[in-house]
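Thanks for coming. I have one structure to go through today, so please look at it first and I will then talk through some of its parts.

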Amino acid sequence: MLSLSSTTAPIYSTAMARSLHGICIFFALIILVAADQQPETTNQTDAAVGPPRPRSLALLVSKNEQTNLHVVDIQKRTPLKAVPLVLDVNGRTIWVDCESNYLSSTYNAPQCHSTQCSRAGIQDCRVCSAQTRPGCHNNTCGFNSVNPVSGETAYGELAQDVLSIPTSDGSSLGQPVTVPQYLFACAPAYLAQKGFPPAVQGVVGLGHTAISLSSQLASNFGFPPKFSLCLTSALNHGVVFFGDAPYRLYPGIDVSHPLGSTPLSVSHEGEYYIQVTSIRINEKPVPVNPSLLDRRPGSTLISTTTPYTTLESSIYRSFVQFYANQMAWAPRVRPIAPFGFCIDATKMYMTQIGPEVANIDLVLHNRNNVWRIVGANSMVQPQPGVWCLAFVDGGTNPKAPIILGSYQLEDNLLQFDLGRSRLGFSNSLLFRGTHCGNFYIGGAGGQTSAAAKEEEKHV
């Protein structure tokens with residue numbers, strides 16, 4: 001009996017040990033599986049909190065024929081209302097006329113010395129003696145707004161309100177997203193009445209400041225500080241992209257690459273400059289005093305509120321004379337102000353890239369880096385039957401020796417990469433069989449682009 005008991009005990013203990021070992025392995029496997037699945041559960045929970053942030057946003061831009069200014073409709077206020085604003089690539093912020101029936105249930109004027117005022121770099125406290133309304137409150141932040149056409153300034157208040165802007169996949173407009181407390185400036189009504197198209201109520205600024213539209217959108221939605229301009233003629237809508245590429249134009253061309261690239265400099269006021277070191281016409285250098293182009297932050301200011309490129313007077317005279325010599329074969333006609341060189345359009349041959357004329361090259365930071373201006377951007381028709389060189393005398397003391405105007409920017413993609421301090425440029429998109437009016441404006445509804453409507457530019 002004792003012998004049997006002593007033999008059975010070890011067998012029983014071994015069996016129990018094996019059983020317990022198996023149970024432990026089983027539970028360990030369950031724990032490992034549960035742990036492996038935990039991140040997926042967490043991600044699904046996080047995703048359910050709200051919609052993903054957009055990678056890019058877009059606004060349509062139209063050109064006013066009477067003023068040659070480019071206009072954007074911004075959705076603001078509560079309830080939302082489309083507010084037409086002049087596009088100023090160098091503007092400090094959005095400013096609007098708040099005197100003319102500004103109605104919104106979400107308007108707010110931050111108090112003096114608030115974080116909003118600090119963000120805008122404002123130290124002034126404002127007192128308004130008129131009746132309290134949007135644009136007129138006491139102990140708020142004073143803000144000087146600028147009319148970029150007349151150069152006039154006016155004092156108003158910093159404000160906040162709802163702003164809505166469409167998302168984009170780079171080829172069409174998507175669902176809008178909202179910035180609940182967008183910072184902007186209120187200005188008196190008279191500031192928007194000089195040089196602006198009818199009904200325009202202010203300016204949308206894209207300058208390199210903390211409260212420009214481009215900066216606030218990048219900060220709010222967490223995408224890179226980058227925006228791209230694609231302006232076009234009055235026949236079509238252009239587009240401004242905020243955030244990452246690609247940017248696709250009909251018929252499916254990604255115009256975000258390849259791009260030329262040059263350093264982008266910024267003035268103390270947040271304006272954008274590039275360095276043009278020389279000008280060539282038909283590959284031949286235009287005689288220019290080199291010291292005139294040796295300027296900081298750059299020799300060339302990019303402007304969307306200057307209709308045609310302006311040149312310092314001595315540069316302009318040399319440029320026009322040299323261009324005329326290169327175009328000696330073309331029959332000249334009496335110049336039409338403000339242009340200094342015009343030719344008979346009936347004797348000119350038209351191409352895909354505009355009239356067949358001398359090419360103009362802006363040589364950038366090195367001689368192999370060139371922005372080419374073709375006929376579609378160098379010649380303009382101020383009246384039927386006449387082509388004129390679309391450059392203007394800027395006087396003896398301009399803001400910059402070269403101010404690159406919006407006509408020369410049309411149908412060129414310009415990418416302002418503020419994080420890298422680089423300007424990307426496509427040269428004329430007409431070379432690639434598309435133009436800036438070929439952005440699909442119908443969004444998910446599939447409305448066709450300007451090209452599908454057979455509204456080809458320069459043809």
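What does Glu283 form a salt bridge with? The partner is Arg372, and the closest N and O atoms are 2.7 Å apart. Arg372 is also partly exposed, at a relative accessible area of 27%. Arg372 sits in strand 26 and Glu283 in the loop between strand 17 and strand 18, so the pair ties together parts 89 residues apart in sequence.

Keep in mind that this is a predicted model. The protein chain has an average pLDDT of 87, and 85% of the residues reach at least 70.

Four strands make an open sheet in the order 18-17-25-26, and the pairing is antiparallel. At the edges are strand 18, residues 284–285, and strand 26, residues 370–373, each of which pairs on one side only. Strand 25, residues 360–363, is joined to strand 26 by 4 bridges.

Glu152 is in the loop between strand 6 and strand 7, and Lys194 in the loop between strand 8 and strand 9, 42 residues apart. Glu152 is partly exposed at 25% relative accessible area, and Lys194 is partly exposed at 41%.

Is Asp417 buried or exposed? Asp417 is buried, because its relative accessible area is 8% and the cut-off for buried is under 20%. Its salt-bridge partner is Arg420, at 3.4 Å from N to O. Arg420 counts as exposed, with 57% relative accessibility. There is also a network of salt bridges that links Arg55, Lys226 and Asp244.

Last, the parts to treat with care. Over residues 23–50 the pLDDT stays under 50, and the model has 0 contacts there beyond four places in sequence. Residues 443–459 are also below 50, but this stretch has 36 contacts beyond near neighbours in sequence. Where pLDDT is low, the predicted coordinates should not be read in detail.

Methods:
Residues numbered from 1 in each chain as written. Predicted model: local features only at pLDDT ≥ 70, side-chain atom pairs only at ≥ 80, totals over all residues. Heavy atoms only, no water. Pairing = 2+ DSSP bridges. Helix = DSSP H or I, 4+ residues; strand = E, 2+ residues; numbered from the N terminus. pLDDT = per-residue confidence, 0-100. Contact = heavy atoms within 4.5 Å. Buried < 20%, exposed > 50% of the residue type's maximum accessible area, 1.4 Å probe, protein only. Salt bridge = Lys/Arg side-chain N within 4 Å of Asp/Glu carboxyl O.
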